[in-house]
Amino acid sequence: QHRDTDNQFPDLPNGSFYLKINGRDFLIRGADYTPDFLFKYDEAREEAILRYVKDMGLNLLRWESKISSEHVVEVADREGIPVMMGWMCCNQWERWPQWDAEDHRVARESLRSQIRMLRSHASAVIWANGSDGRPPKEVRDDYHSILKDLHWQNASVDTVSDFYKNAEGKLEWDGIRMDGPYSWRPPAYWFSGKYKGVTGSCAEQGDNENIPTYESLKKFIPADKLWPINDFWFYHGGSAQGNSTLANTTASVDKRYGPSKSAQEFAEKAQLAHYENTRAQFENYAASGWATHKMTLYWMLNSQWPSFFGHIIDYYLKPGGAYYGAKQGLKPVNVVFDYYATGDKSVAKIHVTNQTLAALSNVSALVSIINLDGTVKFSGKKDHLDVPPNGSVDALDLPRVKDVSPTFFVRCQLKNTDGKLLADNLYWQSTKDDELGPVTNDNAFKLVQESWADFTALNQMPQAHVDTQKFSRQADGWVTTVVTLTNRSKVPAFFMRAEVVKGAEGDEILPITWDDNYVTLFAGESKTLTARYKISDAPGVTPFLRLQGHNFPAKVDAVNAN
């Protein structure tokens, strides 16, 4: 541990937890995993979820005990996914004043069992003796002795929560915090540097009110209860006030994207909100520097039952806005916009991030501001940029531009000396800023904003025309589908999602990975997307491509074999 350079808590003796692996600083950008609600043993599901983890680029998973099988740890070994294991919160494991002799014995034997199982696994890099609290000295001493006796060779921590009282009753900080936020935040929140949730090492932060895609929503909400939002929705929500009624996400969607008239419209707008929030969380930790940003774990990775409770992957394994936002924010090499979030908000920073172990040399960062009709209002470029391994550099400043449309695009690109495109990152921005106000407004379970961005102009975009070329090929038990999209219209084709579906009217084939999705094409542009799924997950199915965008109605065509 060492003190945070941002000096947020100057009266506390400890600082921010950080991890080294193989002698290198390890910037943790991960998520919190949960097994099936009833601990159903399903190896194929475990493997699918960890494939999604690799596809997104997450580099650590955290369990609060509840290890459904050793198989999932073996998959993590094979796939090179570090894991953090430890005891869980909110039950007898942390009600230490209630413990009798038998509880102490069970705790000691349980730790021996878990460590014997985990210590031979290369993926098991951290053990946590506590989650929401720090065990008392007697319990802590037992745990430390067992870890030593069993030769636990990797990192261990006594809690992953904020503060605890030491033996003298004084408040101390153990280096990892876990106080969220647990509700939606605008992207500027993450880059502001003002709020506690945006720096240091956090074991739990995300949106506890994640709205699945409409296709998934229809599977667990009865058709006659789909709209308006009602108690059938709330039954599948979280327990915290606000989370239990989806109040925060509903406010963020309605106030920024406009009220909805159907469950489908609301779910589609929610994917935009989840994409931008999740992307910003991970991009901030890549762009803002090792000194103050060491660990962010999204709460949570997956759903243990059909619900709205925080997840990147829903119960049906269907990726949505949060998934593809995370995937964009976790790209190994990227160029990042900070939403005019700092200082007097007159200038935005464009960062180039390099989360690989090799230096990035002599690259160029380009940024454009583009109206909703596709006209370019500003262009900027910075050449000869060098970015160290696992590092970030400020590439250029982006001033406010006058006379832009009320909603506009910020496009950031990164190219090498040969002109090859290394990264392409599109943001939608409003001339009205999201303003949370003073730091005291930052309640982990509640979204409090003083003003809202206005993206309602997106709903009036002219319809785009997009051509598709697509084919599939099979090899070694897998299907690869390649789709080329071309925008034949003069207006941008915004936030287009491609899906390989089971027949002309079927649902998406799942699980499936796409190299990119929810893409935007400007006039005349083309982009090729590649999807991959197991033949065994769609036996005898004739695949079709379904393409739909924010200003592009759903279109379904057969996929040809190649």
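Threonine 486 is tucked away: its relative accessible area is 10%, which counts as buried (under 20% relative accessible area, against over 50% for exposed and in between for partly exposed, with a 1.4 Å probe and protein chains only). The model is a predicted one, where local features need pLDDT of at least 70 and side-chain atom pairs count only at pLDDT 80 or more, while totals for chains, interfaces and linings use all residues. Residues are numbered from 1 along each chain as its sequence is written, and side-chain values use heavy atoms, leaving out hydrogens and water.

Threonine 486 sits in strand 20, residues 478-487. Strands (E, at least two residues) and helices (H or I, at least four) are DSSP runs, numbered from the N terminus. Leaving aside residues up to four places away in sequence, threonine 486 touches His465, Val466, Asp467, Leu521, Glu525 and Ser526, a contact being heavy atoms within 4.5 Å. With serine 526 there is also a side-chain to side-chain polar contact at 2.7 Å.

Helix 4 is another story. Its 13 residues, 137-149, reach 18 Å from first C-alpha to last, close to the 18 Å expected at 1.5 Å a residue. Buried here are Val139, Arg140, Tyr143, Ile146 and Leu147. Down the axis of helix 4, these buried residues fall within an arc of 130°, so they line one face. An α-helix has 3.6 residues a turn, so residues three or four places apart point the same way. The buried residues of helix 4 pack against helix 3 (101-118), strand 6 (124-128) and strand 7 (155-157). The face turned away from them carries exposed Lys137, Glu138, Lys148 and Asp149. Just after helix 4, histidine 151 takes a positive phi of about 60°.

Methods
Expected span 1.5 Å × (residues − 1). Arc of directions from axis to C-beta. Polar contact = N/O pair within 3.5 Å; in protein donor to acceptor, adjacent residues only side chain to side chain.
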